[in-house]
Amino acid sequence: MKRIVLLILSAFFLTHAIAFSQKNSPGSEITKEEIYKHIQYLASDKLEGRFPGTAGDSLTGYYISNEFKRYKLSPIAENGYFEPFEMYTGVALSGENDFQIISDGQKNSYLLKDDFTPLGFSAPGRIEGPLVFAGYGISAPELNYDDYIGKDGNEIDVKDKIVVVMKYSPGGDNPHDNPFEKHEALRSKTTNAKKHSAAGIIFISDPDGGEDKLYKLAFDNSVKDGGIPVINCKREIIENLLNKDGIDLKQIQNEIDSLKSPGSFEIKNSSAIIEVNVKPVKVMTNNVIGFLEGSDPILKKEVIVIGAHKDHLGYGNYGSLYTGNDPQIHNGADDNASGVAGLLEIAQKLSSQKNKLKRSILFIAFGGEEAGLIGSAYFTGSNLFSKLNITSMLNMDMIGRLTDNKLIIYGTGTSPIWNNLIDSVNKTYNFSITKTPDGYGPSDHSSFYVKNIPVLHFFSGTHPDYHSPSDDLEKINTQGEVKIADMVYDIAIGLEKNPRPEFTKVAGTDNEKRSMGSVKVYVGTIPDYSYTGDGMKISGAKEGSPAEKGGMQAGDIITKFGDTDVKNIYDYMYGMGEYKPGDEVEIVVLRNNEKVTLKVVLGSR
């Protein structure tokens, strides 16, 4: 019988823990057969990748709720076991979408999807204006490069005009040696065009970019548009337009790349008409919640949360790393059918011991995690959360691919009890553990950490199948997952038998880099991805960070970063890219509907 080692290693607690484990009801142990069964269903093609708002999402929710009901967990959410919420999952064409070029008095109309496509972050509207070729659309003063400056050194006038911009940059395709990398994002180029008062932007593939493919209409997890109409058209349309004036686009690109000098110009006697109508797609999804009430009349008011996210990418609707052309189901066996399977097995085991549990336990399968922790943020902002006295949160995300007995645990610095408790429990398992103290990170535990709740997040590591159609059942290490789930169970029992864990805010770590790409300055803000209004709302500022030192607070909505108006996180990233470490920047925020101007000295990564 497995020995449960508690943080306080008194003889009483040790004996009690062993007796506790020995009295489990038959069939309540965590087994590889049941892990396999759960993942076999959750990662089946029938569920079509568990994308929010789809039939597969509904089937996932019913499967989990039926298991909770079978374990006799109590339904305490808004709708029984379900806590419904709305979220945006995509964009769709809406109304008229048109693209025409008028050159030397001749009008040419182009076909939607064959010749051009709107980009998902395009602003709606109809525009008409002269065409200007603006190279790569990059302004990089730190590199002495600006596509909006002509060869004569004067600024090119693009006000109320439509700029034609190539993808990528003159920095080449070496990701480890490209000083222009932070300027390549299409959102950044759009923000730059808008800053120069352009009416709209047309993206084309550069001549060295290989096959002339159009972008798919895709959602980038922000419902706020780029501020101007944006389309992608076939390169040959622009090449033909330039050829009539004896201009070779490939030659222009070669000169820009070799000289690192812009080659922008107004396209003579040419204008365009662009009409874009796209709209965000809103769906209803849910968190699935089951409650196990403790037996102690006092301690049952303290609640331990055990969670895992249930959603995945569908057919690669967003976040996919799949590079093929044909849509394929992303079954997400490891991400995160494995975590849900662990959640269900732990729920079953703990529910079999209901009368022995002193504290209450809340089991949550979160929706909308892949789009930015939407479900967990919704829960931690809900009335249900405010009614519960949550003491700690244990999260599982991708625990199905244990290799070489290596386990990663985030949040180990969020309470002084964690290290000793983990080390004590691990004497049973001998995992090679990598501890990450920070409570912020790429999963739902972050939503609890910003509410000053101690968290642990369990993760067996990434792999080549991450966010790809190849993340399938046959690659799951079920026996390894049993070990991880058993460890999470043991830690939950440790929390049951010890005083409430004290919360510690962790200083000095930086997970912001994940979302901020190659931006070199460090601010320390934590974006609230569930926010859909104007500006960028933050759920917190990291301990000791420039943001915290500058007075930024959870709930602030950033509306301006230096000279850049901020409508969304991409504007914020663009604004950061304008500065270097050590610069002092004015940041305007809305706080309780009042405008507050803060001065922040930027750090470095």
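Me: Is H445 buried or exposed?

Reply: The term buried is applied under 20% relative accessible area, and in this predicted model H445 has a relative accessible area of 0%, so H445 is buried. H445 has its place in helix α11, which covers residues 445-449.

Me: Which residues is H445 in contact with, leaving aside its neighbours within four places in sequence?

Reply: Contact is a matter of heavy atoms within 4.5 Å, and on that basis H445 is in contact with M393, N395, Y410, G439, Y440, V455 and H457.

Me: Which residues of helix α10 are buried, and what do they pack against?

Reply: As a general idea, an α-helix has 3.6 residues a turn, so residues three or four places apart point the same way. In helix α10 (residues 418-426), the buried residues are W418, L421, I422, S424, V425 and N426. These buried residues of α10 pack against the strands β15 (389-396), β16 (406-410), β17 (432-436) and β18 (455-459), and also against helix α12.

Me: What span should helix α12 have, and how many of its residues are buried?

Reply: Taking 1.5 Å a residue, the 20 residues of α12 (residues 478-497) should span 28 Å, and the end C-alpha atoms are 29 Å apart, which agrees. Of the 20 residues of α12, 18 are buried, so this helix is largely enclosed by the rest of the structure.

Me: How many helices and strands does the chain have, and how compact is it?

Reply: The chain has 15 helices and 26 strands. Its radius of gyration is 27 Å, close to the 25 Å that the globule rule gives for 605 residues, so the chain is as compact as a globular protein of that length. Along the principal axes, the C-alpha atoms fill a box of roughly 90 × 50 × 45 Å.

Me: What share of the residues is buried, and what share of the contacts joins residues 24 or more positions apart?

Reply: Of the 605 residues in the chain, 58% are buried. Among contacts with a separation of 6 or more, 79% are between residues 24 or more positions apart.

Conventions:
Residues numbered from 1 in each chain as written. Predicted model: local features only at pLDDT ≥ 70, side-chain atom pairs only at ≥ 80, totals over all residues. Heavy atoms only, no water. Helix = DSSP H or I, 4+ residues; strand = E, 2+ residues; numbered from the N terminus. Rg over C-alpha atoms; globule rule 2.2 N^0.38 Å. Buried < 20%, exposed > 50% of the residue type's maximum accessible area, 1.4 Å probe, protein only. Expected span 1.5 Å × (residues − 1).
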